[in-house]
Amino acid sequence: MKRTIIILLRNPLSLLGAVLVAAVVLSAVLADYIAPFPEHRGAVVDFVHFNQGPTARNVMGTDLVGRDLFSRILYAFRISLILGVVVLAIAPPIGTLVGLFAGYLGGRAEFVLMRLTDVFLSIPPLVLAIAMMGVLEPTLMNAMLAVTAMWWPWYARLVYNIARSEREEGYVLAAEVIGASTLHITLREILPNCLPAIITKMTLDMGFVIIIASSLSFLGLGVQPPTPDLGSMVAEGARYLPDSWWLTVFPGLAILIAVFGFNLIGDALREILGADQ
Amino acid sequence: MSAVLRLLSRRLGISLIVLVGVSMLIFGIARVIPGDPARIALGPNATEEQVANLREALHLNDPVVVQYGYFVADLLQGDLGVSLFTNRPVTLDIAQFLPATLELVLFAGVLMVGIGLPLGMWSARYRGRWPDHLIRVVSLLGVSAPSFVWAVILMLLFAFFLPVFPIAGRITDSFEITRVTGFLLVDTLLARNGAAFADVLWHIFLPAFALAVSGIGQAARLTRANMVETYDRPYVEMAQAYGFSARRIAAKYAFKPSLIPSLTIIGLDFAAMLGNAFLVEAVFAWPGLSRYGVAVILRKDLNAIIGTVLIISATFLIVNLIVDLLIAFLNPRIRHSERGAS
């Protein structure tokens, strides 16, 4: 663990990733103290300073009702991070179990589990979440539910493909020959060979969950105003391009920075985990 | 090849089963919608009697299972019902909007494979040197933002600040092209109108590229990762020891085995693009299925919601089928094995 961190901090790119993620996490946690206008996270109107470009007072400009964009972006990070952590705590374990058993057992279990997975995978991810959010009330909880529902099959399919090719390998046959139980073969023999792929996907998925969540709110189907959300901020600003460019560019860059940071770390982790094998 | 044929028929059957599953899932989701669809369709001024009549006509008073039965019976006759929003058959609406979306997504898919795979190969071949580092950072940036952010940024840069590309639309209005397939790239070719074809290409490039950016990054990253893995295999070392050229080793020994996992993910990426088309279409005012889809969801237009999602899913199933077949052709373990073909 300590060695992993040292390797991470030595590589300039993963160091950059660590700095970006730390900045995003800290600004989400400490938003109350950092934000110049904490009250602007809610429904505040300031018709003296509305729709202004970056100034010394508002470093990222103000939105259409005069709220400080920088403050709102800090609070928006909070929503994105909470959503990402919850989805990644639930979706990967479900998908992994489904994929493992379907891939190793084959036959009827494979048919039922993978057709179920296929049903979910056959609805393009964002479309499934859009359809669900169109039906459900647009709240943070329901957004988590919709994103989790579209997320687990990706893990099922990933693990299934590995497990299916691994079951042909000698070590699995050897375990079968000495009479190891199905549970032992799937969880102790095959699962470790799937772990690098799963962990890589999870670290990279933190960014993707943020992307999907912001996409939902971009379409007006996610967290509702006045709660600050990066996606709905871009959507609101897109109607005022190119004159009020700050309305879209800063929230857009905020998404890019957060996701890029997580992806840099994910990348570096994958190399280290791969090298340790 | 008979193993592949058997696989094809099997996969076709499976796709049908999956499509039935999708229809049940979507039907189930749509029936959870709070509020009375008949009331929403008729508006607040309709009388109770009108609402009751429409509920009866839409079978809304029957149990959900019976409603699903009516739905499937209609579906088998190619009838997805009438949209309460446009008052036209849903099939007509979809036929009008789907080609624009498909054209955009397919074009983006070509960009994704055409740019992403070579980038990944190149990156793996120069592993650890500067082209590798550059490509890795760029492709990571590509996957690090949703397509609506790329759409907005590309639009600001190349439509407003440097007005090289148009801001919105599929074609300049002055061209009059007879609609045959709805795919303007095809229709302009059928009309033998080179200027219009170029105009369509000019319009589609920016939105398609915005849609493809993360796919390109994803394809490049996966291809690189898989190739780097195969580069470590003994047979590549063997090929190097024989003195084969770096290009031959890259293409024949490192790229080919790593193509299979890449293809699986590219198939899934295609689905992501079908969804992301919703975002890019919104930014570029692309007259596709997205605006229709969002409009019918906001209006709780059940028939249209079910129809739209079903058609998008069917499209994706077909693409997935093609990807699976490609994998079967490429993977000798499936091509030559009875067990693998299951």
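Chain B exposes about 16000 Å², and carbon and sulfur atoms supply 66% of that area. Accessible areas come from the Shrake-Rupley method with a 1.4 Å probe, and for residues only the protein chains shown count as cover.

This is a predicted model, in which local features need pLDDT of at least 70 and side-chain atom pairs count only at pLDDT 80 or more, while totals for chains, interfaces and linings use all residues; side-chain values use heavy atoms, with hydrogens and water left out. Residues are numbered from 1 along each chain as its sequence is written, chains are lettered from A, and ligands are numbered from 1, in the order in which they are written.

Chain B has 14 helices and zero strands; helices (H or I, at least four residues) and strands (E, at least two) are DSSP runs, numbered from the N terminus. Along the principal axes, the C-alpha atoms of chain B fill a box of roughly 85 × 55 × 40 Å.

Of its 342 residues, 51% count as buried, that is, under 20% relative accessible area, against over 50% for exposed and in between for partly exposed (1.4 Å probe, protein chains only). Among contacts in chain B (heavy atoms within 4.5 Å) with a separation of 6 or more, 72% come from residues 24 or more positions apart.

Turning to chain A, where does Y33(A) lie? Y33(A) belongs to helix α3, residues 31–34. Y33(A) is exposed, with a relative accessible area of 71%. The C-alpha atoms of Y33(A) and D63(A) are separated by 21 Å, the two residues being 30 apart along the chain.
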